[in-house]
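Dear colleague,

I am handing over the structure below, together with a short account of what turned up in it. Please read the notes with the coordinates open beside you.

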Amino acid sequence: MPQIGLVDLGSNNARLVVYEYQPGAWFRLVDDISEPIRLGEGLGTTGRLTTGAIARGLAALDLFSDYAAAARLDELLILGTSALRDAGNAELFTSAAQPLGFTIRVLSGEEEAQLGVLAVANGFAVEDAWVMDLGGGSAQISRMKKRRYARGEAYPLGAVRLTESFLASDPPRRSQVKELEERVGKFLAPVARALAKDDLPWIAMGGTIRNLAEAVQEATAYPLSLLHGYFLRREHLDGLIERMQAVKSAERSRIAGINPDRADVILAGALVYRWLLAASGREGLTVSGHGMREGAFYQRFLPAPHRLAEVRRFSIANLTARFGLATAHTAHVRRLARQLFDGLAPLHGLSAAEADLLDAAASLHDVGITVNYYRHHRHGSYILEAESLPGLSHREHALLIELVRLHHKGLPRLDRFRQLLRPGDKELLLRLTTCLRLAEALERSRAQRIERVEVQPGDRVIRLGLVSAEEPAVEAWEAAKHGPLVKLAFGRRLVIETA
């Protein structure tokens, strides 16, 4: 399968991500290398790249080129952003790179924003949103409509640029912070008014917001170590900023979650977000783990217009393909689980969203077998904790982890994910677990012998009629074991009948 490397030459970092993929079918990230180059160093005051910045940038490209040759990448795409777009002497860098075999595509502000919107369109199950990408040199703010870029604008409000222009002291003085916020307000007041007028999702991307979110997760003992889809609350960001503003950058780098390479500039980026949250009256924003690089990848992975048909379904299908789970057994467990869910609808009254969650769990219930059959239910839950699943909320992700853990045995224990869940989720989890566990029991021989299950929910009894061309002794025996679970979930006795 082809492998593509995508390099983002940012004002702060140069980052290479490598994807292995089967066009239009599935993909996976296989490597990620980041190198602090500070290409935007001094740019805010001089308008030019420094000699040191050029040397660091070229050294990073040389490193990435060596990797690409050794790994035999099929393609290496190098994208330049704000620093190369704005520097008056950018040609010094791009010209020096050409003899080394590098062709750099310097993106316009609009092109960069369009790639960010494409990443959001394929990373979230939303049609319309505000998209913000704050880097070292600039901030792009765009409006996505019907999963397409509608409009946007780039602002000179990057973390490196603002730090050099306003936060000269370490730690910064209050007067310096005030001046920075006044500059932000000068540019972003119309954006704040627009954000205040609607309740569309505000999705932010880039290294600054991801690092801020990681630090807040550390401070709040967040139960999922996933950034994509995380809702960063304004109050938590305010608390982090107070901690960062009170100390020097060297001490700031020791705050749990803060990347030492960003410690001296991350406060400026955080202040931009704080101002915009306060001015718009928003409670928070949603963090994207995907960005401009992923947008560029989708241009290779998918034909025009480069958008997934359904983000959520693709996320599950992508994972099942990567782990080799698209088997006849998995497909049959999915069918039986849906028949049980539909047949028990008069008792549970759940919606299509919960049916989709059950289907995802049925698709992934055996993912832990890729580690070991024994305790595979636990192995599966560990795998899902480490996997981002675009299109699912963190609440849904937590429920999915628990469904996979419970598909073999056990009862729901929600203490660990309590801050993510809602009242009634324990009962929801119990009922979905019952459907999933029964479905797997009815496919115990892994031979698809049960053609269908006919569910008859009564006042005291739930009857499962097993339609099969042969006597499904092992399936009936296995399903009957779950009578106590059915009683607990639905308050009725389980009766198994074979035709």
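**Salt bridges**

Glu310, Arg313 and Asp356 are linked in a network of salt bridges, a salt bridge being a side-chain nitrogen of Lys or Arg within 4 Å of a carboxyl oxygen of Asp or Glu. Before going further, please note that this is a predicted model, in which local features need pLDDT of at least 70 and side-chain atom pairs count only at pLDDT 80 or more, while totals for chains, interfaces and linings use all residues. Residues are numbered from 1 along each chain as its sequence is written, and side-chain values use heavy atoms, with hydrogens and water left out.

A search of the whole structure finds 29 salt bridges. One of them joins Arg293 to Asp8, with the closest N and O atoms 2.9 Å apart. This pair links distant parts of the chain, since Arg293 is in helix 12 and Asp8 in strand 1 (residues 3-9), 285 residues apart; helices (H or I, at least four residues) and strands (E, at least two) are DSSP runs, numbered from the N terminus. Arg293 counts as buried because its relative accessibility is 7%, and Asp8 counts as buried at 14%, where buried means under 20% relative accessible area, exposed over 50%, and partly exposed in between (1.4 Å probe, protein chains only).

The side chains of Arg334 and Asp359 also meet in a salt bridge, at 2.9 Å from N to O. Arg334 lies in helix 14 (residues 328-343) and Asp359 in helix 16, so this pair ties together parts that are 25 residues apart in sequence. Arg334 itself counts as partly exposed, at 34% relative accessibility. In a further salt bridge, between Glu478 and Lys481, the closest N and O atoms are 3.4 Å apart; Glu478 is buried, with a relative accessible area of 13%, whereas Lys481 counts as partly exposed at 45%.

**Aromatic contacts**

The structure holds 15 aromatic pairs, counted where the ring centres of Phe, Tyr and Trp (its six-membered ring) lie within 6.5 Å, with planes under 30 degrees apart called stacked, over 60 edge-to-face and the rest tilted. Phe27 and Phe297 form an edge-to-face pair, with 5.0 Å from centre to centre and 65° between the planes. Because Phe27 lies in strand 3 (residues 26-36) and Phe297 in helix 12 (residues 292-301), the pair ties together parts that are 270 residues apart in sequence. Phe27 also pairs edge-to-face with Phe301, at 5.2 Å from centre to centre and 80° between the planes. Here too strand 3 and helix 12 are the elements involved, so that parts 274 residues apart in sequence are tied together. Both Phe27 and Phe297 are buried, and both Phe27 and Phe301 are buried as well. These residues belong to one aromatic cluster, formed by Tyr19, Tyr21, Phe27, Phe297, Tyr298, Phe301 and Phe314.

Elsewhere, Arg143 lies over the face of Trp130, at 5.7 Å from the ring centre; the criterion is that NZ of Lys or CZ of Arg is within 6 Å of the ring centre and within 35 degrees of the ring normal.

**Backbone features**

Helix 7 (residues 174-197) bends by about 65° at Leu188, and Pro190 follows within four residues, the bend being the angle between axes fitted to the seven residues ending at a residue and the seven starting there. The buried residues of helix 7 include Leu188, together with Val184, Gly185 and Val191.

A cis peptide bond, with omega about 5°, joins Asp170 and Pro171, and Pro171 is placed in the loop between helix 6 (159-166) and helix 7. The peptide bond from Ala304 to Pro305 is likewise cis, with omega near 10°, and Pro305 lies in the loop between helix 12 and helix 13 (311-322). His306 is also in the loop between helix 12 and helix 13, where its phi is near 65°, a positive value in a residue other than glycine; His306 is buried, with a relative accessible area of 19%. Arg147, in the loop between strand 7 (139-145) and strand 8 (148-155), has a phi near 65°, again a positive value in a residue other than glycine, and counts as buried at 12% relative accessibility.
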